[in-house]
Amino acid sequence: MPKPTIAAIGGPAAGAGLSLALACDLRYAVPGAVLTTAFAKVAFAGDYGGTWFLTRLVGSSKAKELYYFSERLSAEEAQRLGIVNAIFPPADFEWEVMERARRLAQGPSIAYRYMKENLNRAVSGELGECMDLEVTHHAHTGLTEDHREAAQAFVDKRAPRFHGR
């Protein structure tokens, strides 16, 4: 998925549900949310790419611990580990998550696509390979209408209006 993705964790995220949340670029939760791999408790090995995503978020050793023991993580512990980006009170949760979604939707979609590819490649690629990709993507985005609009908006001291071109 080339566009930024958001998981809104408003309650339990277990097993495949956690895996789907881990597949998103950003994860937001309410204070009472509980996250668990759950697979060991039902004698399953895991699915939906959860092992891949969790390993990249928390490292191999911690991911193994979370899978082997299937312990429940509070939203606060998940945030401390870098699994959850932020925690919002239930009364503000939907507004806060949707506000971030709106900001992304109004942002430079072409640049976001290239950013996401750069960041995903950085997880497993070599530095030189990543830098080459950055240069290529930087040049491509520099030729977009969105970049020209952003530069003009900067000069005009106003917010840019992006159109994905």
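## The second largest pocket

Helix 6 gives the most to the lining of the second largest pocket, with four residues. The model described here is predicted. In it, this pocket has a volume of about 160 Å³. Helix 5, residues 90-105, and helix 6 each supply at least two residues of the lining.

The residues that line this pocket are Pro2, Lys3, Pro4, Ala101, Leu104, Ala105, Ser109, Ile110, Tyr112 and Arg113. Sorted by class, seven of the lining residues are nonpolar, one is polar and two are charged.

## The largest pocket

Helix 6 turns up again here. The largest pocket holds about 510 Å³ of space. Helix 6 provides the largest share, six residues.

In total, 18 residues line the largest pocket. Nearest its centre lie Cys24, Asp25, Lys116, Leu119 and Asn120. By class, the lining has 13 nonpolar residues, one polar residue and four charged residues.

## Met1 and Lys116

One of the residues nearest the centre of the largest pocket is Lys116. How far apart are Met1 and Lys116 in sequence and in space? They are 115 residues apart in sequence, but their C-alpha atoms are 9.3 Å apart in space. Met1 sits in the segment before strand 1. Its relative accessibility is 68%, so Met1 counts as exposed.

## The nonpolar core

In soluble globular proteins, nonpolar side chains tend to be buried together. The largest nonpolar core of this model has 28 residues. Ile9, Ala33, Leu35, Leu54, Val58 and Ile83 have the most contacts inside it.

Which residues does Val58 contact, leaving aside its neighbours within four places in sequence? They are Ala63, Leu66, Leu81 and Ile83.

## Helix 2 and its buried face

Val58 is one of the buried residues of helix 2, along with Gly50 and Leu54. Seen down the helix axis, these buried residues fall within an arc of 30°, so they line one face of helix 2. The cover over them includes helix 1, helix 3 and helix 4.

After helix 2 comes Gly59. The phi of Gly59 is positive, near 95°.

Are Ala63, Leu66 and Tyr67 of helix 3 buried or exposed? These three residues are buried. They cover an arc of only 95° around the axis, which puts them on the same side of helix 3. The other side of the helix has exposed residues: Ser61, Tyr68 and Phe69.

Helix 1, helix 2 and strand 5 (73-74) are among the elements that cover the buried residues of helix 3. Just after helix 3, Ser70 has a positive phi of about 50°.

## Positive phi in a loop

Most residues other than glycine have a negative phi. Ala43 has a positive phi of about 60°, although it is not a glycine. Tyr48 is another residue other than glycine with a positive phi, near 55°.

Where is Ala43 placed? Ala43 lies in the loop between strand 4 (34-36) and helix 2. Tyr48 is also in the loop between strand 4 and helix 2. Ala43 is exposed, with a relative accessible area of 70%. Tyr48 counts as exposed too, at 54% relative accessibility.

## The whole chain

How many helices and strands does the protein chain have? The count is eight helices and six strands. From the N terminus on, the order is β-β-α-β-β-α-α-β-α-β-α-α-α-α. Along the principal axes, the C-alpha atoms fill a box of roughly 55 × 45 × 20 Å.

The protein chain has 165 residues, and 33% of them are buried. Contacts can also be sorted by distance in sequence. Among contacts between residues at least 6 apart in sequence, 54% join residues at least 24 apart.

Note on methods. Residues are numbered from 1 along each chain as its sequence is written. This is a predicted model: local features need pLDDT of at least 70, side-chain atom pairs count only at pLDDT 80 or more; totals for chains, interfaces and linings use all residues. Side-chain values use heavy atoms; hydrogens and water are left out. On a 1 Å grid over the protein atoms alone, a cavity is a set of points where a 1.4 Å probe fits but cannot get out, and a pocket is an open set with protein on both sides within 12 Å along at least five of seven lines; lining residues have an atom within 4 Å of a point. Grid points are joined across faces, edges and corners, and a volume is the space filled by probe spheres set on the points. Ala, Val, Leu, Ile, Met, Phe, Trp, Tyr, Cys and Pro count as nonpolar, Asp, Glu, Lys and Arg as charged, and the others, Gly among them, as polar. A nonpolar core is a set of buried Ala, Val, Leu, Ile, Met, Phe, Trp, Tyr and Cys residues joined through side-chain atoms within 4.5 Å. Buried means under 20% relative accessible area, exposed over 50%, partly exposed in between (1.4 Å probe, protein chains only). Contact means heavy atoms within 4.5 Å. The arc is that of the directions from the helix axis to the C-beta atoms.
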